[in-house]
Amino acid sequence: MRALPDVESLKWLVLACSSFYHAFRDAESLITVRVLLNEVPLDLLPEAVAVLESARNGSWTRQGIIDFSSQHLDRRMPSPQSWTLADALSISKLYSHVHYFATDFACKCLGIQALERGVQQSSPSQLEIARIERTLYRFEMYCNIFRDFRNPILSVDEQREILFSRFSPCENEQLACIHNYLYGKVSPAFNEISEHDVFWGELRVNYSDISDPGDIEPILARGLSSIHSIAIAYTYEDRYNLIYPDYPQYAPDWLFGALNAANEINDGDWLEDYSDDQLARITASFFPDSDTGPVEAWVWAHKEESGRQFINTPIRQPLREWGYVMWDRARLHKWKVFQTPWGPPDDYPPTAEVLECHAEREASLQRRSEIYRSGGRGWWSFEDESKVVWPKVSDQHPVKQRPKEVVSLSEAKDFLLTLKLPF
C-alpha cells in the first residue's frame, strides 16, 4: 500500500475488499503518511496543514484570525507525524488543484518568455514549482478566511497589520502574481457571459479589467477548486452555470484591495537608498528559500520606489504577467534581466481600433437592455438574436412588444453615430 502514488488510490484500495481494509486499519497512520508523501512534497505540508485548519473554521472572528496567525504565521509549523485518511484526502484533493495551477502558471509565464526571447525555455526547477505552490496555498488560505467578501471581518488596514506584515514585500508581490494569474483563468468565462447575456447587458456589466477587478473578485473568493472548474469549462452553458448563480456581484476591497493596502503608509526613502541592514530586514522572507532570484528581481524592479509602491502597483502589471518574482537566479541571469534597469512601460492613447471596440460594446449593452425591458432573456449576439428566450403570451401576463431586431453589426454602428460616447 505504501507504494501507491496518491491518497485517492489508497482510499479505493482500502474500499476494494475487507482484507485490504483490515490491513490498513492496523497501520493507518504509517501507511497514510507514506502515501501522502508520495504525492505532496514534505516541504509543502506546513502550508497544506495551515490551509486545512483555515478551511475548518466556519465562522471567523477578529480574535480567531489573530490566533490563527499567531499559530501558523509567526513561524512555519512542523508537519504532523501522523495522519488520518480523512485529513490526508483533504490535503490530497487541494494539492491536485495547487499542482495543476502551479504547472499551468509556469507554462504560461515561460511561454511568454519563449515568445519574447525567441528560444524554448527549460522546464521549471523544483524550487520554482515549490515557490509557486506555496503562494497558491497562501491564496487558498486567504479565500478560507475572507470568503464572505460582503462582510469582511478585518479592514484592509487591519489585514496589513495582522496578516500581510508577516511576509516580505517580495512574498506579497508573489501573491499579487498569483492573484493576477487566477484572474486571467476566470476572466474569459466572465467576459463571454458579459458579451452575450441579456440580463448582464441591462445591468451594464462590462468586460473584466485587471486594474479594477471587483467584478471578478467574488468568483476568486470561492477558492481554487471552483476556479479550476471554471478554468476548464469551455462551453457557454458550462461557464454560465458555474458563474451565474451568484452574479453579478462586486467586491472592491477583497484580495486586490488588500494587496494595495499592504504597502507602507509612509513613503520614506527610495529602496536604492536603503542601508544594508534596512534591505536585509525588508527582504527577510517567511518562507525559506535557498535561491536569491525572487528577491533580486523584486529589488531590481523597485529600486526607485518607496514603501508606498512596493506591492501590486499598476505599472508593474507587465512584470507580474511573467511572474518575475518566482524564478531562480540562474534563469533570470540567463534571461539577462538585470543587465538593463527596469522602467515603466510607455503609456499610449487609445487607438482607433480600441475606440471602435468601445463603440461596439456600447451598442451591445443598449441592444440587450432593450431586449431585457421587452421581456427577453438568455444568450444574444448581433449576428444571432434567435436564441433569446421570450416569455409565452398569456392573458394574465401580456408580453411587451419586442424591439426591432438589429440585423447586423454595421447597422449597430450606424446607430452609434447618433450616440455621444464618453471618450
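Modeller: A salt bridge is counted when a side-chain nitrogen of Lys or Arg lies within 4 Å of a carboxyl oxygen of Asp or Glu. Side chains of opposite charge can pair when their charged atoms come close. The model here is predicted, and in it the side chains of Arg 131 and Asp 289 meet in a salt bridge, with 2.7 Å from N to O. This pair links distant parts of the chain, since Arg 131 belongs to helix H7 (residues 126–145) while Asp 289 sits in the loop between helix H15 (276–283) and H16, 158 residues apart.

Biologist: Are Arg 131 and Asp 289 buried or exposed, or something in between?

Modeller: Burial is judged by relative accessible area, where under 20% is buried, over 50% is exposed, and the range between is partly exposed. Arg 131 has a relative accessible area of 1% and is therefore buried, whereas Asp 289, with 29%, is partly exposed.

Biologist: How many salt bridges does the count come to, and what does Arg 76 form with Glu 47?

Modeller: The count comes to 24 salt bridges. In one of them Arg 76 is paired with Glu 47, and the closest N and O atoms are 2.6 Å apart. Because Arg 76 lies in the loop between helix H5 (62–72) and helix H6 (85–117), and Glu 47 in helix H4 (residues 45–56), the pair ties together parts that are 29 residues apart in sequence. Glu 47 counts as buried, its relative accessibility being 8%.

Biologist: With which residue does Arg 367 form a salt bridge, and where do the two partners lie?

Modeller: The partner of Arg 367 is Glu 385, and the closest N and O atoms of this salt bridge are 2.8 Å apart. Arg 367 is in helix H19 (residues 352–373), and Glu 385 is in the loop between strand S1 (377–378) and strand S2 (388–389), so that the pair links distant parts of the chain, 18 residues apart. Both Arg 367 and Glu 385 are buried. Elsewhere, salt bridges that share partners join Asp 43, Glu 47, Arg 76 and Arg 134 into one network.

Biologist: How should I compare separation in sequence with separation in space, for instance for Ser 364 and Val 198?

Modeller: Ser 364 and Val 198 are 166 residues apart in sequence, and their C-alpha atoms are 9.5 Å apart in space. Ser 364 is found in helix H19 and counts as buried, at 6% relative accessibility. Once its neighbours within four places in sequence are left aside, Ser 364 is in contact with Glu 195, Trp 380 and Phe 382. Another pair, Ala 27 and Asn 263, is 236 residues apart in sequence and 49 Å apart in space, again from C-alpha to C-alpha. Ala 27 lies in the loop between helix H2 (18–26) and helix H3 (28–39), where it counts as partly exposed at 27% relative accessibility.

Biologist: What is the phi of Arg 204, and where is this residue found?

Modeller: Arg 204 has a phi near 60°, a positive value in a residue other than glycine. Arg 204 is found in the loop between helix H10 (198–202) and helix H11 (217–220), and at 43% relative accessibility it counts as partly exposed. Lys 336, which is not a glycine either, has a positive phi of about 60°, and its place is in the loop between helix H18 (329–334) and H19.

Biologist: What is the secondary structure of the protein as a whole?

Modeller: The secondary structure comes to 20 helices and 2 strands, and the C-alpha trace spans about 70 × 65 × 50 Å along its principal axes. Buried residues make up 46% of the 423 residues. Among contacts between residues at least 6 apart in sequence, 79% join residues at least 24 apart.

Notes:
Residues numbered from 1 in each chain as written. Predicted model: local features only at pLDDT ≥ 70, side-chain atom pairs only at ≥ 80, totals over all residues. Heavy atoms only, no water. Helix = DSSP H or I, 4+ residues; strand = E, 2+ residues; numbered from the N terminus. Buried < 20%, exposed > 50% of the residue type's maximum accessible area, 1.4 Å probe, protein only. Contact = heavy atoms within 4.5 Å.
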